[in-house]
Amino acid sequence: MLAVFLLYSSIAGGGTPSLRPSSLAGHTGKVSLTGYVLKPVTGDAHGAGLHFRLRDVKGTATVPVVYTGSVPDLFRPGRDIVVEGRFQNGVFVAVPGTMVTKCPSKYTPKKT
Amino acid sequence: MPELGRAALVVCFGLALYAVGAGFWGAHTRRRRLALSAQNALVAAFLSAAVAAGVLLVALITSDFSFTYVSAFTSRELPLTYKITALWGGQEGSLLLWLLVLTGYGAAAVLLDRKAGRELIAWVVPVLGVVAAFFSMLVVFVASPFATHAAPADGLGLNTSLQSPYMQAHPPLLYLGYVGLTVPFAFAMGALLSGRTDERWIVATRRWTLAAWMFLGIGQLLGAKWAYEEVGWGGYYAWDPVENAALMPWLAATAFLHSVMVQEKKGMLKVWNMLLVILAFSLSLFGTFLTRSGVLSSIHSFTEGSIGPWFLGFICFVVAGSLALLFRRLPLLRSKTKLESLVSREATFLYNNLLLVALCLTILWGVTFPILSEAVRGESVTVGRPYYDFFLRSFGLPLLLLMGIGPLVAWRRASLRSLGRTFLWPFAFGLVAGGGLVAAGAGSSLPGLIAYTFAAFVTATIVLEFARGTAARRALAGEPVPRAFASLVARNRRRYGGYVVHAAIVLLAIGVAGSSAYDTSHTARLAKGQSLKVRDYTLVYRDLRRTRAQNAVETRATIDVYRGGDRIAVMHPGKNNYPVEQQISNEVAIRSDWLTGEDLFLITEQVNPNGTIDFKAIINPLVNLIWLAGVVFLLGSVVTLWPDAREERRLAVRYGRLAPET
Amino acid sequence: MLTTAALVLGGLLAVAAVWFVARPFLRSPASEEPLVEPGRAERERLALEEERDRALAALKELEFDHRTGKVSDDDYRSLVGELRRAAADALRALDRGRGQIDVRSREG
């Protein structure tokens, strides 16, 4: 009985789809995007928005991203990050403050 | 020197294998000398592991970069204390530490726990040997800390986020917890294998389980403090899978600590206890597997790495083997007693267990669902904070309430009338507190309000327990209050130590509720002289300074903090730039108010070229109660662990070491 | 040079390990008594002793709970009788069991 409740609630309430730039097309709701940060990074995360492109970690597809909010210390071109948001008009608009970097060492990942 | 390390590890591996083979054979054919020999092998394995650890430690201290490990995790200007603790900063070294702690615990458990009986120990030794063999196999063949290469001029340095006293203490404490759970598991398997499923195995392992549980709890709190101060996003727990990896075995161990009390007093729940100890141990293995194998970043990096599949295989082996053994010995575990009433202390322990295990399993599901989903559908999902928060509230709040109800309910059955009388005062106190809290504005968050009210209720029950106990003691022995209190606790260490631990959990609950349900945050871009207002604090940005430290460039802003017109503090949030490691770290400034327990948390998000700074200010009410809870938790655990001479004697008589007194 | 030293030390370690493990066999061979495996009688005795200890502890705890006011007078009256009976049963069973063991050991 408990198990059924758990399964139901986890599937119903739980995850946001976790995607790569190459698989973004067609998803209109809130998703979680994982990718490799490419140069150049322009703009102001605490102003009009930080602009950069994300590429598939193992691939070539890229997507432009605009992000506002706290930027983790480890963020820079050449790192893998995860950010939540929506894909609108060819640009991934991030939900403020949802960027997380993957830590290079195998211990605790950094977070905003 | 690396050859000595490698040799020591090979010897350790050989000894572990011998302990397995000779141990099983000696126990099975009841050859005492063989069993003793296997036991010695386990102790010798510890000494070999110690030698290997010593070799690595010396290499780290002398910065011998011919060791691949040393060059990967230290550098010349790294302070000495970090060079030493880099022993567990990387995969291979931390596996070696695990092996050392494991063999250490194993040696200590079989040497010190003579009350457990030779027959039981004879079977425990090979089980410990199996686990030791696995880990020594890993460090010998798969992930050796003694790999060498042409020594570079300087090492790569330690990840800056690990350069903190918390991160130095966190892994060894956590390992003392994780690995410590091997001992009760080994004794449980020993009990099943030997057919001696009496209470002996529980009595022998009670202290080990409690100690491991204590270390695991403290280790997690240190990790949370590290996240709070060093990672600095304003929170202390992100429901990250590596954090959950430690929480899950802790929850299972908590359930186990409670349900063994039922087995001791009533002889019930024998099968359940076996299952719990298997669960706790498997989760501890699973936890370290999650943290190491890379399976969390993606399923593909897991299969590419070498360590993951080994761990997974071992976990499957352990789970399958122990369950099979349990199934075979099921007839030995039948209990005659049944649950008499749903309103009894046994029943509340059962509810407590169900809630704890349910919470544990929902966390497990949250952690493994993304991995499974990616493996099955090719598409991964992220399970976020809302999922975990929901279940923490759904299961945690009733648990909090039960903590107050349980101790007040009698064993076997309690009539509703007597319940009404015992609960009258705490219930009234809870109501009054709840009303007061609503008046003070706590109604803004319903879960927060409920948490606070339950916490008030539980506090009242704990205080009442101590008060009633002391009063009874005074009536009995005519002692003055302080002495009555002391002798009360001394005579009932487990009960009252347990109450202290409950008090710690109450503090934890209040701190967590306060800082997560009632926090505020504001961000602003300030130029010099401008101010930011948050709650009753006014923050004025005065100055920006850059200084050079040993291995970093430190940028610090000077912020004056005013409250009610008075300047109460000057804070210096900023950033550190580490040129060698090419990393920037956020150095947050925290001001703790000792009266209210709240924290003013300042983050410099971004230093802009025109001299303005984007600041984020967060108020975390009552967050310092969490750290206070850690201290109380430690105190309570120590009281509960403290040996009781009279109980020791009684058990020794029962298990035949001493002649019974007529 | 360092390598030879390391290998020698490693070898010494291995020898020490083997000696440590073989010690039980090098001592008096007379200590080759088999590991005592508790027979059924012994196991029953243990179970009865646990039963007795449990009953006595439950009684003690009931007294304590009653004194501290957790258990009402009515509840106490209804429970104490059962617990006293259970304790008495356990003690009697233990005496009977002990008697049986003595008889068996006397018969050899």
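Select helix H9 of chain B, residues 200-231: its 32 residues reach 45 Å from the first C-alpha to the last, close to the 46 Å expected at 1.5 Å a residue. That expected span is 1.5 Å times one less than the number of residues in the helix. Helices (H or I, at least four residues) and strands (E, at least two) are DSSP runs, numbered from the N terminus.

The model is predicted: local features need pLDDT of at least 70, side-chain atom pairs count only at pLDDT 80 or more, and totals for chains, interfaces and linings use all residues. Residues are numbered from 1 along each chain as its sequence is written, and chains are lettered from A and ligands numbered from 1 in the order in which they are written.

**Along H9 of chain B**

Centre the view on B:Arg206, where H9(B) bends by about 40 degrees. The bend is the angle between axes fitted to the seven residues ending at a residue and the seven starting there. H9(B) has 27 of its 32 residues buried, so it is largely enclosed by the rest of the structure. A residue is buried if 20 or more other C-beta atoms, placed from the backbone, lie within 10 Å of its own, exposed if 12 or fewer, and partly exposed in between.

**A loop residue**

Next, select B:Ala143, in the loop between helix H6 (118-142) and helix H7 (165-180) of chain B. This residue is buried, with 21 other C-beta atoms within 10 Å. Leaving aside residues up to four places away in sequence, B:Ala143 touches B:Gln91, B:Glu92, B:Leu95, B:Leu138 and B:Ile307. Contact requires the C-beta atoms of two residues, placed from the backbone, to lie within 7 Å. For a distance across the chain, pick B:Asn352: its C-alpha is separated by 41 Å from that of B:Ala143, and the two are 209 residues apart along the chain.

Proceed to helix H19 of chain B, residues 493-517, whose 25 residues reach 35 Å from first C-alpha to last, close to the 36 Å expected at 1.5 Å a residue. Of these 25 residues, 22 are buried, so H19(B) is largely enclosed by the rest of the structure.

Then display the open sheet of 4 strands in chain B, with the order S2-S11-S10-S9 and antiparallel pairing. Strands S2 (520-526) and S9 (589-592) of chain B stand at the edges with a single partner strand each, so one side of each is left without a neighbour in the sheet. On average, neighbouring strands of this sheet are turned by 15 degrees against each other, direction ignored. Two strands pair if DSSP finds at least two bridges between them; S2(B) and S11(B), residues 613-620, pair in the antiparallel sense over 7 bridges. To locate one of these, select B:Thr523, whose bridge partner in S11(B) is B:Lys616.

**Between the chains**

Colour by chain. Among the 2 pairs of chains that touch, chains B and C have the most contacts. Their contact takes 41 residues from chain C and 41 residues from chain B. On the side of chain C that touches chain B, the largest share, 15 residues, comes from H1(C).

Chains A and C do not touch, and their nearest C-alpha atoms are 32 Å apart.

**Chain A**

Buried residues make up 37% of its 112 residues.

Methods:
Axes fitted to C-alpha atoms, helices over the stretch in contact; angles between N-to-C directions.
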